[in-house]
Amino acid sequence: MQNKGVIKAIAVVFALICLYQLSFTYFTKRVENNAKEYATNQYAVNLAKTLAKGDALREQEIFDSISSARGNFYLDSVSEKTVYNFLWIRKFSYKECKAREVNLGLDLKGGMNVMMEVSTVDVLKNLATNPEDPTLVKLIQEAENEHKATGDKFIDCFERKVNEMNESSKIDLSAFFRVKLKEKGITANSSNASVIAAIRKECTEAYDRTFQVLSKRIDKFGVAQPTIQKLEATERIAIELPGVKDPQRVSKLLEGTAQLQFWLAGDAANVFQSLASADEWLSNVGTDDLSETDTVAIDTVAQKNADTTVLQSVNKTNNNKKDAHPLFSKFVRLNNGNLQRCVVGTATAANKDEIDRLLAKASKMLPQDVTFLWGAKPIDKTNEYELYVLQYTNKAKTPLLDGDVISDAGSDFDQHGRPVVNMVMKDAAAHKWAKITGSNIGNSIAIVLDNLVYSAPNVGSEITGGRSEISGNFTVDEAKDLANILKSGKLTAPAKMVQESVVGPSLGAESIRTGIISFIVAFILVFAYMIFFYNMAGIAACLALFVNIFFLLGILASIGAVLTLPGIAGIVLTMAMAVDANVIIYERIKEELLAGKNLGSAIADGYKVAYSAIIDGNVTTLLTGIVLAYFGSGPIQGFAITLCIGILTSLFSSIFISRLVFEAMLSRKNAHKNITFYTKLTKHFLENPKVNFVGTHKLQTVITTVLVIISVASLAFKGLDYGIDFSGGRTYVIRFDQDVNPVEVRHSLQQEFGTAPEVKTFGPAYQVKVTTDYKVEDDSEAVKEEVIAKLHKGTKDLYKDKSITVDQFKSTMKSPLGIISSEIVGPTMADDIQRSAVIAVLISLVLIFVYIGLRFKKWQYGLASLLSLSFDALITIGIFSLFSGILPFNLEVDQHFIAAILTVIGYSINDTVIVFDRVRENVRLYPKSPYGKEMNDAMNQTLSRTFNTLGTTLLVLLIVFIFGGEVLRGFAFALLVGVAVGGFASLCVACPVAYALITRSNKKKSVK
């Protein structure tokens, strides 16, 4: 072995680096175990018992709170203390060790993953002088439609639509944008291209500003190891927040635009007459959407007074006379002097949208110098929200003060001990604020944030110094978050969640357990398999495999990669691929030994001739891994990165580490007796097979054709069970305290949602997966809460313990029951995922076609490989279609499934490459022999390799399928089917097609 010393040195240095990187994880876990012991010691137990006063349920809740607080206190106390003294050269604190440990994904430790999309449409509308202009509205609508259909950036679609319209009728964009883009150099003479360039720059600045603001908010939120990443190609921002306990709180934090405004509060008494007339008119014309007849009726309806007596009557009878008062009946209370002067009345959260709709319908009957906004929080100890009337003070209908006016903000407590938010304004805003308050003494000024009224304090005197206070029935966390939002600055463009995934801590813990079990079992069985087939040589392969896993984990820690549950599956698959390389080498060594070479020469030549097949097979898998890493996100991206790194470490360990082991064994006495490549049972396994593959190619064609027809027919008539990744919607995994019937759950939820959601058993019979498209286009926090409330109401009677509350149901922090994970995918995001999936598969197929064609110097090999992989993918998809709803586990087509298909495409080519490599070698050795004979010989000569590589891979995938948990079951099944079909396709599709194409080409050459 040449350069043995250099390879040894590299291996040792690499091992030391990996050991150093992994050591941080060891010391971090040691500190956290100490924190756990401190948190749950006898003191915490006794204190919980004392405070609970005999209430067992209360005692557990108190104990959880105490232990959590004590654990956090312990970790905070050692955060800056030295916990790792590396060779007395460098000291590391717990905080530094934590930052360097192996980073677990959200699916393993619980948390929240969101995809935020910056609304460039709103940026463009804000830049327009009159965004309601019909021509501009049409342009924006057409651009939005194209943006949804193609996935291109909105501004690119807008530019194309402008150019298209310009061909038929001249359009001057400067007329729409020159006022607000004056500082950017846009004038009445500016070309459309100049205007679009200025808009594009504004959109880019808005995107960058949004990223900066969200980064500040997350930094102040206090989450350990958060991740925020720009995805500039799609104008989205990916955020991962591990260990989040309150997803609703995070949603409010991220989606708030921090548009702070100060309005003059109106007088509700002045608008009651108009509201009463609107109420009567709505009673006459109905509450459906406005028609042309309704518009005429508005102008002719009689206006009647709405005195206090009428209002009192409505308050008393709005439960049984709702038809008489369609608007007023939606209120719980109307203001009879028992509410703040600027409050019209109060309503429940469920009626807020309907009241807004009715007010909009009757807007022409209402005063045009006021607007109505809801309070941000319900009134203390009720579910009632106040509706405020705000007064316009100018023709532009703008607030008294708005914009980015806050220089500092912080949470505090008022004189009654209630949480409030204190604000300090910038100098210019402070001067303006003094004038506003000085001229409105005795009036109320409403403090509005993101179109919600937080408070409307009465002005007692002029306020100087720019200080003000927001109160509003806050909790301590809400006050902190609001101060965080204000201090971080406002978003220049709204950012909304287009995808949200929440994994509860209990599911994360289970995923770690199932992942570790599958890894250990797979490692043991692969170890046993290799020793059974290859005896002492199998031990060398297992040592190389151990080193491979060690290097892989070390690299993941070094680069800060995230280890996800699919990533663990990637590690297990890497084990199979590493063993595959050793199988290829060992089978070649056995051939060299049978040819009469001595042990040392056989090992050297076996490694040498196996290199090309190993490298080609791994490069094709690496190509698909890179494509998957580029197009995937979250756990799938984690799988792809782990797979790519695993391929590289497998190559190094299989080719070099195992060779070093053999060199060490060869240096000992009686090496030829100690080093064996078979056992008594496997010595003659598939030694000289004589299968006539080429002669039966017609039968193979019939079989493959039948399989294709069945798959296509199933796809055409039955279709696929698309997950929300492709269809959009909301998915919740709900755990019960007893086995439940999904049909019963579906029927119960239908009564809540109106239509029956999809309900499937998810793993054990006490877990179900509920999928619904209920209000999927509305990503507001109110709708999320509404959906959870409906799920709770529709399922609580199916629990043994029917006392489970909504708060207990929506979080598994304190109880393992309820929603253990959830995911929301908006329609736009679903379209993008579909598009990316198709592109990723096509790119992978093309890359492999090009690589194989160039590597083997014949396009026929590339085309044969392409058809074989297409057949493999089609049959795998067809089986998912055929057996969906029949097999007792989830066969949804989602991102995990696409990851499996791409992995199958990259991996299944290995067997084809091994055969083609042997064909190439045989043709080189016997150039005058018929091509059909060399093809047939190559397939027989590599049959033992094909069997063993497929055997080890299917073995580890079967382990993942059995022990990997319900989350990975469909993913593992797709890989199992794909790899098995891929082995068949290599022999019965790729080789016959290559034989037919090359034979035809050779005949044409001989004729010429």
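Which residue in S18 is the bridge partner of Gly111? In S18, Gly111 is bridged to Val503.

## Basis of the model

This is a predicted model, in which local features need pLDDT of at least 70 and side-chain atom pairs count only at pLDDT 80 or more, while totals for chains, interfaces and linings use all residues. Residues are numbered from 1 along each chain as its sequence is written, and side-chain values use heavy atoms, with hydrogens and water left out.

Strand S4 covers residues 111-118; strands (E, at least two residues) and helices (H or I, at least four) are DSSP runs numbered from the N terminus. Eight of the eight residues of S4 are buried, so the strand is largely enclosed by the rest of the structure. Buried means under 20% relative accessible area, exposed over 50%, and partly exposed in between, with a 1.4 Å probe and protein chains only. Gly111, Asn113, Met115 and Glu117 point one way from S4, and Met112, Val114, Met116 and Val118 point the other way.

S4 pairs with strand S6 (residues 236-242) in the antiparallel sense over seven bridges, where pairing requires that DSSP finds at least two bridges between two strands. With strand S18 (residues 495-503), S4 pairs in the antiparallel sense over eight bridges.

Ser821 belongs to strand S23 (residues 818-825) and is buried, with a relative accessible area of 13%.

## The sheet S13-S14-S17

Three strands in the order S13-S14-S17 form an open sheet with antiparallel pairing. Its edge strands, S13 (406-413) and S17 (467-470), each pair on one side only. On average, neighbouring strands of this sheet are turned by 25° against each other, direction ignored.

S14 (residues 419-425) is joined to S17 by four bridges, and Met423 has Ser468 as its bridge partner in S17. Helix H16 (residues 427-438) packs on the sheet, touching S14 and S17, and its direction makes about 105° with that of S14. Such angles run from 0 to 180 degrees between N-to-C directions, and axes are lines fitted to C-alpha atoms, for helices over the stretch in contact.

Asn548 lies in helix H19 (residues 536-559) and counts as buried at 0% relative accessibility. A polar atom of the Asn548 side chain is 3.2 Å from the backbone nitrogen of Ser650. Beyond its neighbours within four places in sequence, Asn548 is in contact (heavy atoms within 4.5 Å) with Thr574, Ala578, Gly646, Thr649, Ser650 and Ser653.

Helix H27 (residues 781-795) has 15 residues and spans 21 Å from its first C-alpha to its last, close to the 21 Å expected at 1.5 Å a residue. The expected span is 1.5 Å times one less than the number of residues. Buried residues in H27 include Glu781, Val787, Leu791 and Thr795.

## Cysteines

The structure holds zero disulfides, a disulfide being a pair of cysteine sulfur atoms within 2.5 Å. The sulfur of Cys18 has its closest cysteine sulfur in Cys644, 17 Å away, which is too far for a bond. For Cys542 the closest cysteine sulfur is that of Cys18, at 20 Å, again too far for a bond. Cys18 counts as buried at 1% relative accessibility, and Cys542 counts as buried at 2%.

Conventions
Polar contact = N/O pair within 3.5 Å; in protein donor to acceptor, adjacent residues only side chain to side chain.
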